[in-house]
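Hi,

Here is the structure I promised to pass on. Please open it alongside this note.

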Amino acid sequence: MDASLNAVIEKKINRTIGNLQNNKMDAYYVKTCKDAVNLIDQLCAEGKSVAVGGSMTLFECGIIDYLRSGKYQFFDRYAPGVDVGKVFRQAFFCDTFFTSSNAITEQGELYNVDGNGNRVAAMIFGPKSVIVVAGYNKIVADLEAARRRVSDIAAPANAMRLDKKTPCKVLGACQNCRSDDRICADYVIHGQQTAKGRIKVIIVGEQLGY
Ligand code: SF4
């Protein structure tokens, strides 16, 4: 990448990390997915119970494979034949919950929109620790840009991936639909936290997820 562009992106990442820390979240920057897995190895001790929210980033970053390595007690929502509803509930009692975020603002907020609500619910309360892994492409200027990111990119892409019968799947942008297949139900801003360090955000210097 061009050095000047790289410098701009690094400053944006550093601003975001500082403001996540101001909001009482631990925040880290790593250059690669491999570095992210190595950091998780330090943050999450062997034998701990772990679960994940739905996330393409966790697959792309190699974290799902890492959690399946046998090092952890993994409540794996993607395992064949699994009772997904049961795994969603087990996630509330796990030691560490892994997820990405639909957007991260430079003011240090996480912004997420869920269909089921299981992911945002576990981020808010339940698991002792929450590790958020996100590519730098998830960073946006503010909450308005975060809302636009979800309606213009994340939700339409997820609707396509999940083959939902929604207008955003056809048009590639949110139409605020009333479809029975609508995937947007719960709109959550994670701002300054009360449990300092419970949420740990790892920003990766690669483009990941939607
Ligand atoms: S509200 Fe409907 S159209 Fe808009 S992103 Fe969600 S599912 Fe798509």
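Below is what I found, starting with the ground rules.

This is a predicted model, where local features need pLDDT of at least 70 and side-chain atom pairs count only at pLDDT 80 or more, while totals for chains, interfaces and linings use all residues. Residues are numbered from 1 along each chain as its sequence is written, and side-chain values use heavy atoms, with hydrogens and water left out.

**Six-stranded sheet**

Helices (H or I, at least four residues) and strands (E, at least two) are DSSP runs, numbered from the N terminus. Two strands pair if DSSP finds at least two bridges between them. Six strands form an open sheet with parallel pairing, in the order β1-β10-β7-β4-β2-β3. Its edge strands are β1 (26–30) and β3 (73–75), each pairing on one side only. From one strand to the next, the twist averages 20°.

Inside this sheet, β7 and β10 run parallel and are joined by six bridges. Val-132 has Val-201 in β10 as its bridge partner. Helix α1 lies across β1 and β10, at about 160° to β1. Helix α2 (residues 33–43) also packs on the sheet. It touches β1, β4 (96–99), β7 and β10, and its direction makes about 160° with that of β10. Contact here means heavy atoms within 4.5 Å. Axes are lines fitted to C-alpha atoms, for helices over the stretch in contact, and angles run from 0 to 180 degrees between N-to-C directions.

**Four-stranded sheet**

A second open sheet has four strands in the order β8-β5-β6-β9, and its pairing is mixed. The edges are β8 (139–140) and β9 (186–190), each pairing on one side only. Strand β5 (residues 103–105) pairs with β8 in the parallel sense over two bridges. Helix α7 (residues 143–161) packs on this sheet and touches β5, β6 (110–114), β8 and β9. The direction of α7 makes about 35° with that of β6. Ile-104 has Ile-139 in β8 as its bridge partner.

**Cores**

A nonpolar core is a set of buried Ala, Val, Leu, Ile, Met, Phe, Trp, Tyr and Cys residues joined through side-chain atoms within 4.5 Å. Buried means under 20% relative accessible area, exposed over 50%, and partly exposed in between (1.4 Å probe, protein chains only). The largest core has 24 residues. Leu-20, Phe-97, Leu-110, Val-201 and Ile-203 have the most contacts inside it. Its largest share, four residues, comes from α1. A second, separate core of 23 residues includes Cys-44, Val-52, Leu-67 and Ile-131. As for Leu-110, its contacts beyond four places in sequence include Leu-20, Met-123, Val-132 and Val-201.

**Ser-129 and the cysteines**

Ser-129 sits in strand β7. It counts as buried because its relative accessibility is 12%. Its side chain makes a polar contact of 2.7 Å with that of Lys-200. A polar contact is a pair of N or O atoms within 3.5 Å; within protein, one must be able to donate a hydrogen and the other to accept it, and residues adjacent in sequence count only if both atoms are side-chain atoms.

How many disulfides are there? The count is zero, taking a disulfide as a pair of cysteine sulfur atoms within 2.5 Å. The cysteine sulfur closest to that of Cys-94 is in Cys-44, 8.8 Å away, so it is too far for a bond. Cys-94 is buried, at 1% relative accessibility. Cys-184 is buried too, with a relative accessible area of 16%.

Best wishes
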